[in-house]
Amino acid sequence: MQYDVVIIGSGPGGYVSAIRCAQLGLKTAVIEKYKTFGGTCLNVGCIPSKALLDSSEHYHNAAHTFTTHGIELKNLSVNMPQMIARKNDVVAQNTAGITYLFKKNKIDSFEGLGSFVDKNTIKITKADGTTEDITAKNVVIASGSKPTALPFLPIDKKRIITSTEALNITEVPKTMIVIGGGVIGLELGSVYARLGTKVSVVEFLPSIIATMDAGLGKELQRVLKKSLGMEFFMGHKVTGATTKGKTVTVTAQNAKGEDVKLEADYCIVAVGRTAYTAGLGLENIGIKTEERGNKIPVNAHLETSVPGVYAIGDVITGAMLAHKAEDEGVYVAETIAGQKPHINYNLIPGVVYTWPEVASVGLTEEQLKEKGTKYKVGSFPFKASGRAKASMDTDGFVKVLADETTDEILGIHMIGPRAADMIAEAVVAMEYRASAEDIARICHAHPTYTEALKEAAMAATANRAIHI
């Protein structure tokens, strides 16, 4: 065999797995069909969206809070082409970093579409149509996902667009409709709402970010409506969308079955993502994908039904998160090398990068109620935080859920400033099976946002929060 491991896809799962394989002394190659490494995350997902979120937050603060801080500006405006150019530069820096890491770790890379000839032979079809075969003892499928399309709603990539096209609009639209109240829709919707676009969110379910603790969605909806003027149409079933000139018309039915019509300059379809397995030649090695979501079935070791063929990230079951894919990439590399790695799927945090940020780990209140688990709740609002008052970031709260008998932390859910970073403390605590009392007894620096977590833990143990 030419290689010990061949990895199809260079997204967070694929490139991290490749690097870990190389560190473990395995001869490794990566196949990537696009010209740049990094997959969806680095090219059209996590990284570019965070770049635009950051830029738009700077503008929003300049427009709405700088005067309160004593900073006076005149003739404030948005240079959208420059904002997009900065985003593109951030992407270029990150993808170039992957190229450097591959060279540093002596990982071979091939540009083209990788497909199975048999379980040890991969055909690489290049852009010019030529092909090349490589062989490997083990293959890792890390081909990622693509935006889910609605069969009755054609995406023209001009006015009816996906998250990919939404990252490259070179004007500030007056109006925008976002179909889907999940993470992607809310993040991109908030980017344009901060810049002055009137954003309407159409969601089939009764709450936004419905997979997270219900209290988080309720608070986020309130804040986005209050601070950004975003409009929400909850419990609405989209029935179609048409484009005429520069106007998109979206039709839907509300909870009562009444017809609703919305018009806007753009419509972002953000109803989730689907595993990308097209062209992999899975049928050549006897792998069948699941009917729902097109996922590749794997066992507890992330190995498919074919020995030596593994799958990680968005193409298998579970949350479609870059950090989940990274952990799975390391897990598979170490498994192939004969080690005994472990992933605790209950402790993979979820984050929404709106402002305020939303972050969650462990079980929600709804899940605990469904399981019949007796639990305690401790909550602390950021409006009572000295650090949050100083930065004018007083929306949101931290909630700690602990076992009623043992006090072990079962879930931590937060919405507020820097929640995306704060959640790491919660993950560490839960990984070591900490009690709420443990966090309550840890000295937290003052003044910091993380004091809210300590106060929530104190509230969960004998209701003894100090600052409320």
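**Labels and their grounds**

Author: Met320 sits in the loop between β17 (309-311) and α8 (322-336). This is a predicted model: local features need pLDDT of at least 70, side-chain atom pairs count only at pLDDT 80 or more, and totals for chains, interfaces and linings use all residues. Residues are numbered from 1 along each chain as its sequence is written, and side-chain values use heavy atoms, with hydrogens and water left out.

Reader: Why is Met320 called partly exposed?

Author: Buried means under 20% relative accessible area, exposed means over 50%, and partly exposed is in between (1.4 Å probe, protein chains only). Met320 has 29%, so the label is partly exposed. Ala322 has 21%, so partly exposed applies there as well.

Reader: What does Met320 touch, leaving out residues up to four places away in sequence?

Author: Contact means heavy atoms within 4.5 Å. On that count Met320 touches Ser145, Arg273, Thr274, Ala275, Lys295 and Asp314. With neighbours within four places set aside, Ala322 meets Pro12, Cys41 and Cys46.

Reader: Which residues carry the feature "binding site" in UniProt?

Author: The unreviewed UniProt entry lists Lys50, Gly114, Asp314, Met320, Leu321, Ala322 and His323. These positions span 274 residues of sequence and are spread in space too, up to 29.7 Å between C-alpha atoms. UniProt positions follow the numbering used here, feature names are shortened, and annotations may be inferred rather than shown by experiment.

Reader: What makes the contact of Lys27 with Asp108 a salt bridge?

Author: The term asks for a side-chain nitrogen of Lys or Arg within 4 Å of a carboxyl oxygen of Asp or Glu. Here the closest N and O atoms are 4.0 Å apart, so the pair counts as a salt bridge. The bridge links distant parts of the chain: Lys27 is in the loop between α1 (12-23) and β2 (28-32), Asp108 in strand β3 (residues 108-111), 81 residues apart. Lys27 is partly exposed at 44%. Asp108 is partly exposed at 30%. The whole structure holds 17 salt bridges.

Reader: Which residues belong to one network with Arg222?

Author: Salt bridges with shared partners join Glu219, Arg222, Lys226 and Asp395. Arg222 and Asp395 have closest N and O atoms 3.3 Å apart. Asp395 is in the loop between α10 (386-391) and β21 (397-403), so this pair ties together parts 173 residues apart in sequence.

Reader: Why is Leu302 called buried, and what label does Asn294 get?

Author: Leu302 has 5%, so buried is the label. Asn294 has 23%, so partly exposed is the label. Leu302 has a positive phi of about 65° without being a glycine. Asn294 also has a positive phi of about 65°, and is not a glycine.

Notes. Helix = DSSP H or I, 4+ residues; strand = E, 2+ residues; numbered from the N terminus.
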